[in-house]
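This briefing is meant for a reader who is meeting the structure for the first time. Please keep the sequence and the 3D view at hand while reading the points below.

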Amino acid sequence: MTHRSPQALQARYLAMPHVEKGMQVGLFGGSFNPPHAGHALVAEIALRRLALDQLWWIVTPGNPLKNGRDLAPLGERIRLSEALMHDPRVKVTAFEAAHNVRYTADTLALIKARNPGVDFVWIMGADNLRDFHRWQRWRQIALTFPIAVIDRPGATLSFLSSVLAKTFDHARIDEADAPRLARSKAPAWTFIHGPRSSLSSTAIRANRNGEAEKGG
């Protein structure tokens, strides 16, 4: 991504990506602090296995469950995300910042209201399942759009013990039916196995901080 003024950045990234009725669109949100190959792998698996027309890579202003002290500027996280993803179906966006929303439940409600006739599916890595029930109005999230949980290291077996899996066990669909998930009526969810990356943003930040301390 070439350098752009804050005004140009706002115009491009603070609006929702354009979609057409009938599309299947994945929603992949996170602080991406920083984005890495593990995130890219989740996006690639989701695009392929869910038969998506688009994937919105939603760079959030901040995560209410995480300490924002080490959070890189939004523009920097957008730049790194675009540098990482080259598939034209992936739309890097930060529209949440323009609407002053902090919680996923509010984000999904906004998306649903603004895009009638589009089939959305919420995408998250399996490592988020452990704390998903701590998210603000997590049940509302599950009742707004179908959810695709993508395998992550260390979470392959533990996902069945998560509160989401237990609460919505009746709504789980077979992984083989993942291409129809976006068109399913919520609540509906599936767990998708596949290649996994051990990279994590937390570990990358810790390594950078360690290197900086050595250099100092």
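In this predicted model, Phe28 stands opposite Ile123 in β4, and Phe28 also stands opposite Trp57 in β2. The chain crosses from β1 through α2 to β2, and this β-α-β crossover is right-handed.

**The chain as a whole**

- The chain holds 8 helices and 6 strands, and, when it is read along the sequence, they follow the pattern α-β-α-β-α-β-α-α-β-α-β-α-β-α.
- Of the 216 residues in the chain, 44% are buried.
- When contacts between residues at least 6 apart in sequence are considered, 78% of them join residues at least 24 apart.

**How the strands pair**

- Strand β1 pairs with β2 in the parallel sense over 6 bridges, and 5 bridges join β1 to β4, which also run parallel.
- Because 6 of the 7 residues of β1 are buried, this strand is largely enclosed by the rest of the structure.
- Strand β4, at residues 119-125, is joined by 4 bridges to β5, and these two run parallel; here the bridge partner of Gly125 in β5 is Ile150.
- Strand β5 is in turn joined by 4 bridges to β6, at residues 189-192, and the two run parallel, with Val149 standing opposite Phe191 in β6.

**The nonpolar cores**

- In soluble globular proteins, nonpolar side chains tend to be buried together.
- The largest nonpolar core has 32 residues, and those with the most contacts inside it are Leu27, Trp56, Ile111, Met124 and Trp189.
- Two or more residues of this core come from each of β1, β2, α5, β4, α6, β5, α7 and β6, and α5 gives the most, with 4 residues.
- Apart from this core lies another, of 30 residues, which includes Leu50, Val59, Val121 and Ile173.
- Leu27, when residues up to four places away in sequence are not counted, touches Trp56, Ile58, Leu108, Ile111, Phe120, Val121, Trp122, Ile123 and Phe145.

**Helix α5 and Ser81**

- The buried residues of α5 are Thr104, Ala105, Thr107, Leu108, Leu110 and Ile111, and they pack against β1, β2, α4, β4 and α6.
- Ser81 lies in helix α3, at residues 74-84, and Ser81 is buried, with a relative accessible area of 0%.
- Leaving aside neighbours within four places in sequence, Ser81 is in contact with Phe32, Pro35, Trp57, Val59 and Val92.

**Aromatic rings**

- The count of aromatic pairs comes to 10.
- The pair of Phe28 and Phe32 is edge-to-face, because the ring centres are 5.4 Å apart and the planes are at 75 degrees, where planes over 60 degrees apart count as edge-to-face.
- Both of these residues count as buried, Phe28 at 5% relative accessibility and Phe32 at 3%, given that buried means under 20% relative accessible area.
- Phe32 also forms an aromatic pair with Trp57, and this pair is stacked, with 4.6 Å centre to centre and 25 degrees between the planes.
- Because Phe32 lies in the loop between β1 and α2 whereas Trp57 lies in strand β2, their pair ties together parts that are 25 residues apart in sequence.
- Trp57 is itself buried, with a relative accessible area of 0%.
- One aromatic cluster is formed by Trp122, Phe132, Trp135, Trp138 and Phe168.
- Arg102 lies over the face of Tyr103, at 5.8 Å from the ring centre.

Methods:
Residues are numbered from 1 along each chain as its sequence is written. This is a predicted model: local features need pLDDT of at least 70, side-chain atom pairs count only at pLDDT 80 or more; totals for chains, interfaces and linings use all residues. Side-chain values use heavy atoms; hydrogens and water are left out. Two strands pair if DSSP finds at least two bridges between them. A nonpolar core is a set of buried Ala, Val, Leu, Ile, Met, Phe, Trp, Tyr and Cys residues joined through side-chain atoms within 4.5 Å. Buried means under 20% relative accessible area, exposed over 50%, partly exposed in between (1.4 Å probe, protein chains only). Contact means heavy atoms within 4.5 Å. Rings of Phe, Tyr and Trp (its six-membered ring) pair if their centres lie within 6.5 Å; planes under 30 degrees apart count as stacked, over 60 as edge-to-face and the rest as tilted. A charge sits over a ring if NZ of Lys or CZ of Arg is within 6 Å of the ring centre and within 35 degrees of the ring normal. A crossover is right-handed if, with the strands pointing away from the viewer, the path from the first strand over the helix to the second runs clockwise.
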